[in-house]
Amino acid sequence: MKSVYFSSMLVLLFINVRAQKNQTNDNTTEEQQVGNWLGEANVPGIAILKIENGNVAKTIVKGIDVNGNEITASTLFDVASLTKTITTLTTLKLVENGDLDLDEPLYKYWIDPDVQEDSRHKKLTTRIVLSHRSGFKNWRYMYEDKKLSFDFEPGEKVQYSGEGFEYLRNALEHKFATSLEKLSDSLVFNPIGMENSALVWNKKMESFDFAGSHDKGGKAYEYQKSYEANAADNLLTTLSDFGKLSATLLNSSYLEKTLFEEMSRPHSEVREGIHFGLGWIVFQNLPNEEYALFNAGSDQGVNSLIVLLPKSNTGLVVMTNGDNGRGLAMKAIKTFLDEPGNEILNRF
């Protein structure tokens, strides 16, 4: 059902996109363009990876991390809400393995104390959560009393919600008596070979150059390390690792075909041409009979995105370490994804 509830993430992400998409490229090389973007936007660093025909075809890394080291494909980034991609794949792998049903009520395993007296909690399922129809606001601190509650009947409308993903995390951890960190390690990171990714800050992360986070003037924020997993936020990863994930998904070597199709089909309409699938934003009817799977992350001082074009086996990953990085991510879509990229921007 179409909803009047627009994704807060979409609203935040696409500010000033109209201005960005109307800018034309100059005659400089792509690498020079990307380098110029950093100075123009006061963003210290950016990492871009493009996949063509299912393989990494281009990597552009420019700028510096929080300690002044050059950005590389192995620099560690906080990619904010791209965490939801990992939670989604962990969950769907459990479904593929026959250990979880998309439509089984979550109350069998977990009921948040804030909503236990509201019978609507019995309608929450994995499918409803992953398609952002839980009825929850993005975060419970947005409620006046700071307690979780339903804005509408689960499944009835669409509203972007990190709390929905956290609800799912609690249900999974109770059902399997295992932390989300361990589930994601065994079901996503290890099988794909994402050796330098983690949901929490751990000892291994200390050995990496870290991109950090920076304000609109390029000044470093004091980064708050997270030692507890959040299903919707704070993933630590590298461009190289997320490139592996992108290629694996595009090459259909991770999820079985029917489940990939279920993940990719529209489940809830945000507005015309933009839907939520399971854990992804889905753009339909793009040029060349293409469609796109899209996710983005935006927190204080960091901005990132992933775009997958499954029919053409093309993908784009962008990571930045600045508040102004959102605009650079939009420029990257225009620069590196040609006609489909322009049409994606036109939908905003």
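Predicted model: local features only at pLDDT ≥ 70, side-chain atom pairs only at ≥ 80, totals over all residues.
Phe 136 is found in a loop. That loop runs between helix H5 (126–130) and helix H6 (162–176). The relative accessible area of Phe 136 is 0%. Phe 136 is therefore buried, the cut-off being under 20%. Ala 220 is 84 residues from Phe 136 along the chain. The C-alpha atoms of Phe 136 and Ala 220 are separated by 32 Å.

The protein chain comprises 11 helices and 10 strands. Its radius of gyration is 19 Å, close to the 20 Å that the globule rule gives for 348 residues, so the chain is as compact as a globular protein of that length. Along the principal axes, the C-alpha atoms fill a box of roughly 60 × 45 × 40 Å.

Of its 348 residues, 58% count as buried. Among contacts with a separation of 6 or more, 67% involve residues 24 or more positions apart.

The protein chain exposes about 14300 Å². Carbon and sulfur atoms supply 44% of that area. The chain carries 36 positive and 47 negative side chains. The centres of the two charge sets lie 3 Å apart.

Technical notes. Residues numbered from 1 in each chain as written. Heavy atoms only, no water. Helix = DSSP H or I, 4+ residues; strand = E, 2+ residues; numbered from the N terminus. Rg over C-alpha atoms; globule rule 2.2 N^0.38 Å. Buried < 20%, exposed > 50% of the residue type's maximum accessible area, 1.4 Å probe, protein only. Contact = heavy atoms within 4.5 Å. Areas by Shrake-Rupley, 256 points an atom, 1.4 Å probe, with all protein chains shown as cover. Lys, Arg positive; Asp, Glu negative; His and termini not counted. Charge placed at Lys NZ, Arg CZ, Asp CG, Glu CD.
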